[in-house]
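Trainee: I want to check the labels on this model against their criteria. Can we go through them one by one?

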Amino acid sequence: MPDKIRDINSGRNEKTNEQPRTFAPRRLAAIVAGDIASYSRLMEFDEEGTHSRVRRIQRDLIEPSITEHYGRLVKTTGDGFIAIFDSPLEAVRCAIVIQQNMTGRNAVLSKNLWIEYRIGVNLGDVIIEEGDIYGDGVNVASRIEGIAEPGQVFISGGIYEQIKNKLVCGYESLGDKKVKNITDPVRVYKVLPDPTAYKSRRRRDTVLILLISLAWLGIAAAAVWAWFPGLQRLASAPSGPLLQSAPSPQADANAKQPEPAKASGAATPEKQAALQGAPPAHTAAVREPIMNTLPGGTFSMGSNEDASEKPVRRVTVKPFAIGRYPISVGEWNQCATAKACAFTAKGRDDAPVTNVSWSDAKQFVTWLAGATKKPYRLPTEAEWEYAARGGTQTRYWWGDEIQSGMANCKNCTDVVSAEQPIRVGNFQANPFGLYDMGGGVDQWVEDCWHKNYQGAPSDGSAWVEGDCGSHVIRSGSWKNDARYVRPSNRDAYDNARYPTHGLRVALSP
Amino acid sequence: MKVAPLIALVAALAFVSGAAQAQGKAAAKDALLYFVSPTNGAIIKGGFWCRFGLRHMGVTHAGDDFPNSGHHHLLIDVDEPLDPNEPIPADKNHVHFVAGQTETYLDLPPGRHTLQLVLGDGRHYPFNPPLVSAKITITVK
C-alpha cells in the first residue's frame, strides 16, 4: 500500500477514535479498496474543483454507504479509500451501490469530468491499528482494485465463494491474475453491473416500479374478478347489474383474506357477509390432491448402477401419504390465484405443472398446508424412492427391462420421441397405485443434494445438512432416457426453474 | 423522478414477460466461451477443477433476463448435436450452472472424456447462433 498513499487522513468514523481496542488486533475481514481512475489527469485539469468534488463524494456517498452496509471506513487517501466489513456480502453490496451512484452522478457531466472509481474487494486476515490496517489481505485488495476497470467492482475468489449463491448478480471469471508483489496468482471475478442494474440501482425507482406493477396487477385482478363471477352468474340467472356490483366486495374480501380456506374456516359474521358475493371457486375449500396412504416399511435404498446411488443401504420409512399424481396445473393455479405461488401455470388443468423451482415447490406445499390445515410437505428422498419402488427391488418397478407404455421417457415408448405429458396418470400405476413415479416430469424432494449416500440418514427423514445450493430431483422426465426412470435414479438441480421440473406432495399422518 | 418513462418501462416489462418464448436471442458478436482449465488433451489424475471463461458477455442466474448475459452449461461426453430450438437438456451429461457458477469440481471415471460449454439464456435456450466453446478431450487416469 504505502507507495499509493498521497495524503492520509485517519478514518473519520467516530468508533475508530472512541474504541480503538474493541477489535482484536488480527481478524478476518472483507476489505474494500477504491480509488479514482485518472486522478492525476483530473487534478491537472481542475485541482480545486476536483478536490472539492472528491471530498463531497466521500462525505455524501462513500462514508454513508459504508455505514449503511455495516462497514468501517479505515482511511481515505487523496483519491481513494479503504474500508473493512464483517460480511463479504455487505462489502460487495456497498461497492455496487457506490459504483451505481457514481454512474448516476457522472451521467450529467461531460466525459472528461467523470470521476470513476475502481473498486477491489478481498477477504483476508488484517492487522488493525488506529487509522490504518495492514496485512497481505489489504495488499491483495488494493492490487485487485489496481487491475479493475474504471467503474467496475473486481472481487477475489475468496469473496466470490462467499457470495456467489447469495447475491443475485453476474460474475465474470477473469481467471488467475498475477498481481504486483504478490507471489501467488489471485483468482479474480468481475461483478457485472448489468444484471444488478435493475435490482439495486436506485431503491426509489425500484419501489415505484413495484408499486406501479402492483397497481397493474390489481387492475388486472379486478378485471378478472369482474369477469368471472359475472360470467358464472350470467350462466345461472342472467342479470346485468351484477357485473358492476360483484367485483367490489370480492376485491375487498380478497384483500383482507389472502388465504381463502382460513376465511371460510374461521369467518366472523361480518366477514361472511363480505364474502357472500364471492364465487364458489373462491370460498370453497381447496381441491386437495388425491393421496395414497402407504404403510411404513424397510427397503434397500440406492443401487450400484451409478456412483450417486451408492452405497445401497437399508432405510426404514414411517407410514405416510403421497400424491397419487404429480401436482397438476389446476391444483397449482389454486395457489397462484391465492397469490401464494409465484406464477400462474399454463396448459390443461390436468397436465402436470412444470417450470417449478425448489422454492416454488416449497411455496406450494406451504400454501396447501395452510389452506387445508394439514401437514402437506415435499416428500423426503427416501420416501420418494420407497413409494416409487412400490415394494419391488428390481431395476424398474415392473422388472429389470424397460417396457413400452410403462413410463413417459425418451426412447422408452413405441413412439419415437416422448412428448411433454398432456395429463397426469397417462401411464400405468405402480404396485402402490401411484402414477408417473419415473418419467413424465421431474419431481422435487425436500433433501439437499449429496453426491452419494455416504452418511445419509436411515430413518427416512430428509437429509438437509451441508451446503444446500442444490436439491435432489427425482423421477426423470419425458426428456430423459430409460436410465432416469429407475426408482433409484437421482439428480441434482440448483434452485431455479427448468421446463421439465414439477413436484409431488406428501402428507404426514 | 420521471414517471412517464417508468410507466413505459413497466409496460414494456409486462409486454416482454407476456411474450411466450425467449429463444433464439443473439449473443454478443465478439463473445467467446472457452475453458480456462483443463486444456485440450490434458491428462489428469483423479478429480479436477473445471473453470469456464466467457468474454464480452456476462454470467447471471437462470431466470434473469438481462441483455447480453447467460449461464453456463457443461456438456460431458455429449455427441448428439444441440437443438437450438429446445432448452438445453438437464441430465447427468448436461450439467447446468444456474446460480452463475463459473467453475465446478469434476470427478469423472478413468478414460477419455469430452467437455464442451454452452451458454444458455435465462430460460436455458442456446443463443442463436449457439454460443459454444471448443469441444476439448481430456483423459482421466
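Trainee: Which residue is the bridge partner of Trp444(A) in β16(A)?

Mentor: Ile473(A) is the bridge partner of Trp444(A). Keep in mind that this is a predicted model.

Trainee: What makes β15(A) and β16(A) a strand pair?

Mentor: Two strands pair if there are at least two bridges between them. Three bridges join β15 (residues 442-448) to β16 (residues 470-474) of chain A.

Trainee: Which sheet holds them, and why are β17(A) and β18(A) said to stand at the edges?

Mentor: The sheet is open, with four strands in the order β17-β16-β15-β18 of chain A. Its pairing is mixed. β17 (491-494) and β18 (501-503) of chain A each have a single partner strand, so one side of each lacks a neighbour in the sheet. Neighbouring strands are turned by 55° against each other on average, direction ignored.

Trainee: Which helix packs on this sheet?

Mentor: α15(A) does, touching β15, β16 and β18 of chain A. The direction of α15(A) makes about 85° with that of β15(A).

Trainee: How do you know that the span of α15(A) agrees with its number of residues?

Mentor: α15(A) has 15 residues, 358-372. At 1.5 Å a residue they should span 21 Å. The end C-alpha atoms are 21 Å apart, so the two values agree. The buried residues of α15(A) include Trp358(A), Phe364(A), Trp367(A) and Leu368(A). Just after α15(A), Lys373(A) takes a positive phi of about 60°.

Trainee: What is the strand order in the antiparallel open sheet of chain A?

Mentor: The order is β10-β13-β19-β14 in chain A. β10 (291-294) and β14 (376-377) of chain A stand at the edges, because each has a single partner strand. α16 (residues 381-389) of chain A packs on this sheet. It touches β10, β13, β14 and β19 of chain A, and its direction makes about 75° with that of β13(A).

Trainee: What makes β14(A) and β19(A) a pair?

Mentor: Two bridges join them. The criterion is at least two, so the pair counts. Arg377(A) stands opposite Ala506(A) in β19(A).

Trainee: How many bridges do the other pairs have?

Mentor: β10(A) and β13(A) pair over four bridges. Asn292(A) stands opposite Ile322(A) in β13(A). β13(A) and β19(A) pair over two bridges. There, Ala321(A) stands opposite Leu507(A).

Trainee: What makes α16(A) mostly covered?

Mentor: Nine of its nine residues are buried. Among them are Glu381(A), Trp384(A), Tyr386(A) and Arg389(A). Just after α16(A), Gly390(A) takes a positive phi of about 55°.

Trainee: Why is Asn430(A) called buried?

Mentor: Its relative accessible area is 5%. Buried means under 20%, so the label follows. Asn430(A) sits in the loop between α16 and β15 of chain A. Leaving aside neighbours within four places in sequence, the contacts of Asn430(A) include Ala387(A), Trp397(A) and Met437(A).

Trainee: Why do Trp49(B) and Tyr105(B) count as partly exposed?

Mentor: Buried means under 20%, exposed over 50%, and partly exposed in between. Trp49(B) is at 40% relative accessibility, so it counts as partly exposed. Tyr105(B) is at 45%, so it counts as partly exposed too.

Trainee: What makes Arg313(A) lie over the face of Tyr453(A)?

Mentor: The distance part of the criterion is within 6 Å of the ring centre. Arg313(A) is at 4.4 Å from the ring centre of Tyr453(A) and lies over its face.

Note on methods:
Residues numbered from 1 in each chain as written. Chains lettered and ligands numbered in written order. Predicted model: local features only at pLDDT ≥ 70, side-chain atom pairs only at ≥ 80, totals over all residues. Heavy atoms only, no water. Expected span 1.5 Å × (residues − 1). Buried < 20%, exposed > 50% of the residue type's maximum accessible area, 1.4 Å probe, protein only. Contact = heavy atoms within 4.5 Å. Axes fitted to C-alpha atoms, helices over the stretch in contact; angles between N-to-C directions. Lys NZ or Arg CZ within 6 Å of the ring centre and 35° of its normal.
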